[in-house]
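The following note sets out points for a colleague who will work with the coordinates. Please read it alongside the sequence and the structure shown here.

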Amino acid sequence: MHKKHHLPVLLFVVAALLPAGMARVGAQQKGKPKFDTWRQYLGGSDSSQYSALKQINKSNVAKLEVAWTFPTGDMRTYRFNPIVVDGVMYLLARNLSIVAVDAATGKEIWVHENQGAIGDRGINYWESADRKDRRLLYINAGYLTAIDASTGKTIESFGDKGKVDVRLGLDRDITSIRPLQTGNPGRIFENLIIVSLPAGGAQYISNPGDTHAYDVRTGKLAWTFHSVPEKGEFGADTWPEAALASGGGVHNWSELTIDDARGIAYIPFGTARFDFYGGNRIGDNLFGNSLVALDARTGRRLWHFQAVHHDLWDYDFPQAPKILTVRHDGRNVDVIAQATKQGFLYVLDRVTGKPLWPIEERPVPQSDVPGEKTSPTQPIPTLPPPFARQSFTEKDINPYLTPDEQASLRELLKNSRNEGVFTPPSLRGSIEMPGHNGGANWGSSAIDPAKGTFYIVSKELPTYLKIVLPGTPTGRGRAGGRAGAPGLGGPEGGRAGGAAPSAGAPPLPAPPPPPAAPVVVPGAPPGFVAYNSPYDFMNTFANGMSAIGPPWSQLTAYDLNTGKILWQVPDGEMPGLPGGKTEAGSYAPRGGVTATAGGLLFVGTSSDRKLRAYDQDTGKVLWSVDVPSAIEGVPTVYEVGGREYLVVCVAGGRGLFAPREGTGIAAPPGPGQYMAFALPKR
């Protein structure tokens with residue numbers, strides 16, 4: 001019999017202990033956002049990806065035309081979500097420079113050049129109460145950086161000449177930790193900027209992804225939340241005691257959300273290291289794979305919900321949770337909705353963490369890898385239903401592969417562990433569906449707060465998880481895939497022969513396996529073996545396509561008042577398939593979705609290189625336009641001078657996991673650019 005969770009895992013705090021105003025349902029009405037600006041990444045600190053503007057609506061969206069364009073000026077891939085303040089747009093272009101342009105014309109105002117890597121999805125804007133001090137804050141080459149929003153000049157009084165090393169504050173020796181760069185831009189709350197640190201690598205030993213808050217004026221560290229608990233802290237008992245000082249990962253690499261009215265920061269944390277084997281970290285591993293509610297002023301934990309116990313699938317939370325109000329059991333409830341890679345949508349009371357619908361701890365398949373100890377159960381929501389396919393069987397094999405490739409896949413499926421969601425990695429090889437790059441991803445969901453609806457773009461991609469001995473050559477995936485964690489101190493690389501090649505790949509002779517030498521890993525039992533697992537996205541076929549057939553992506557609409565799916569449609573198309581066919585569902589898109597009060601959903605795709613407007617109520621495409629490159633970002637909606645604009649970053653090249661030349665769009669992508677659309681001027 002399934003155990004039902006009517007409370008989130010492990011802890012709730014009583015209303016009397018919450019910060020002032022948090023105990024009252026509906027307290028968000030004070031200072032409720034108007035959704036009519038786009039001053040922060042994803043539209044606002046609430047991550048809604050929603051605009052209340054409705055000049056562009058169902059009746060006239062087909063009249064949209066290009067208002068202006070701005071070139072990125074280099075050959076990089078860009079997926080930036082521009083922000084707009086007082087008619088000025090801030091975007092990323094020209095070898096990772098911050099550029100200010102006139103939001104009505106695209107005319108350049110100033111450029112701030114950066115050195116080194118930069119968070120390429122978004123930046124933060126802050127202003128003082130009198131608006132005399134206006135700043136842009138972002139992470140560049142591992143340093144939190146502040147520049148003047150009016151001039152683009154570095155603010156020398158912030159930190160050390162405009163920069164703060166985000167490694168400072170980690171309770172570790174940082175001399176061996178490389179600069180910590182992340183694509184997660186963080187969030188502004190009052191006079192703080194809240195950022196989560198990335199893990200420094202996929203190895204067994206890496207830094208934890210602690211969450212830091214800094215004073216936006218001085219750069220001084222205000223508070224720290226330990227994503228891997230320290231000894232004596234809550235959650236420490238879910239790790240081996242010896243692993244607490246070196247446990248790593250548990251990083252909020254994606255996005256985070258803030259309820260400004262209540263002063264709560266919601267942090268969706270990721271997987272503990274190593275991603276696919278946890279013999280060194282036996283236990284549930286809080287706060288891995290947990291949505292944690294923090295007091296945004298102090299960093300104090302209020303409640304948490306763990307969606308995956310002792311993760312072995314790299315099923316980290318891939319996106320910011322959404323906050324909205326729904327009608328449930330005859331009353332208004334302020335909720336938070338968190339989408340996952342495995343295709344689940346968890347809906348919780350945003351004040352207490354209590355699930356809106358029961359979440360059942362259900363038995364799941366257990367690991368047969370020596371030294372591993374799988375959690376016996378995982379939390380499964382009874383509602384809403386999943387938004388992504390969660391199985392991959394023979395009937396799902398991609399029909400556009402060659403007969404030999406399909407036969408090879410049938411053999412692989414027959415000989416692999418394939419027991420549905422939460423099939424653990426194995427020495428034999430396991431099928432993971434959705435794979436760890438499938439399901440939800442950053443920026444892929446939006447809400448309509450007026451309706452209580454939730455919209456999500458999902459990728460349908462399986463992964464092959466095979467545990468191999470340390471030192472076994474793992475190879476590298478061709479489509480951005482990493483090779484898994486190297487053995488401690490050992491290099492990645494080599495061919496994939498010893499790691500069982502993907503289905504359809506030419507057979508390779510397997511080298512003799514090296515001896516399983518004991519490796520010293522803090523928290524691991526004696527004789528621990530540092531197993532590895534290659535990143536295998538099951539796409540090493542002649543045409544570079546996935547093992548699974550269409551649709552390769554979908555757009556799903558939920559009514560969170562009822563927990564039901566309103567509609568689900570393929571997201572875009574995949575043209576140029578064998579026989580000149582076109583299939584529904586763009587191949588591996590990373591274009592996000594933006595909802596508007598005009599009843600529209602704007603979504604960009606990659607394999608067909610289009611921007612579309614969908615009807616929120618039906619999923620019908622009301623407008624589409626061809627663009628010269630893949631779209632991998634979230635559309636920005638804003639108004640200047642009484643005219644509504646839609647801007648999207650069209651600079652994704654061929655797109656993520658793009659099939660080889662001759663499949664899909666064969667023509668090379670055009671130059672990267674930002675494209676602004678608007679209705680014709682009267």
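1. A nonpolar core is taken here as a set of buried Ala, Val, Leu, Ile, Met, Phe, Trp, Tyr and Cys residues joined through side-chain atoms within 4.5 Å. Buried means under 20% relative accessible area, exposed over 50%, and partly exposed in between, with a 1.4 Å probe and protein chains only. The structure is a predicted model, in which local features need pLDDT of at least 70 and side-chain atom pairs count only at pLDDT 80 or more, while totals for chains, interfaces and linings use all residues. Residues are numbered from 1 along each chain as its sequence is written, and side-chain values use heavy atoms, with hydrogens and water left out.

2. Confidence. The chain has a mean pLDDT (the predictor's confidence in each residue, from 0 to 100) of 89, and 88% of its residues reach 70 or more. Residues 1–30 stay under 50, and the model has 72 contacts for them beyond four places in sequence; a contact means heavy atoms within 4.5 Å. The pLDDT is also below 50 over residues 476–512, a stretch with 89 contacts in the model beyond near neighbours in sequence.

3. Cores. The largest nonpolar core has 60 residues, and Tyr266, Trp303, Phe392, Leu409, Phe422, Met538 and Trp552 are those with the most contacts inside it. At least two residues of this core come from each of β17 (264–268), β18 (290–295), β19 (301–306), β22, α1 (403–415), β28 and β31 (573–577). Helices (H or I, at least four residues) and strands (E, at least two) are DSSP runs, numbered from the N terminus. Beyond four places in sequence, Phe392 is in contact with Ile397, Leu413, Asn418, Ile431, Met433, Pro462, Met538, Ala547 and Ile548. A second, separate core has 36 residues, including Val99, Ile118, Val640 and Ala678. In soluble globular proteins, nonpolar side chains tend to be buried together.

4. The four-stranded sheet. β12, β13, β14 and β15 form an open sheet in the order β12-β13-β14-β15, with antiparallel pairing; two strands pair if DSSP finds at least two bridges between them. β12 (187–189) and β15 (221–225) each have a single partner strand and stand at the edges, so one side of each is left without a neighbour in the sheet. On average, neighbouring strands of this sheet are turned by 25° against each other, direction ignored. The axes are lines fitted to C-alpha atoms, for helices over the stretch in contact, and angles run from 0 to 180 degrees between N-to-C directions.

5. Pairing within that sheet. Three bridges join β12 to β13 (residues 192–196), and Ile188 has Ile193 as its bridge partner in β13. The pairing of β13 with β14 has five bridges, with Ser196 opposite Thr211. Four bridges join β14 to β15, and Tyr214 stands opposite Leu221. The hairpin of β14 and β15 has five residues between the strands, and Gly219 in its turn has a positive phi of about 85°.

6. Enclosed strands. Is β14 enclosed or open to the outside? Five of the five residues of β14 (residues 211–215) are buried, so the strand is largely enclosed by the rest of the structure. Thr211, Ala213 and Asp215 lie on one side of β14, and His212 and Tyr214 on the other. In β22 (residues 345–349), five of the five residues are likewise buried, with Leu345, Val347 and Asp349 on one side and Tyr346 and Leu348 on the other. β21 (residues 331–339) runs antiparallel to β22 and is joined to it by five bridges, with Ala337 opposite Val347.

7. Backbone geometry to inspect. Cis peptide bonds, with omega about 0°, join Met433 to Pro434 and Pro550 to Pro551. Asp86 is not a glycine but has a positive phi of about 50°, and it is exposed, with a relative accessible area of 51%. Phe657, also not a glycine, has a positive phi of about 55°; at 4% relative accessibility, Phe657 counts as buried.

8. A buried loop residue. Val250 lies in the loop between β15 and β16 (257–259) and has a relative accessible area of 0%. The C-alpha atoms of Val250 and Phe287 are separated by 6.6 Å, although the two residues are 37 residues apart along the chain.
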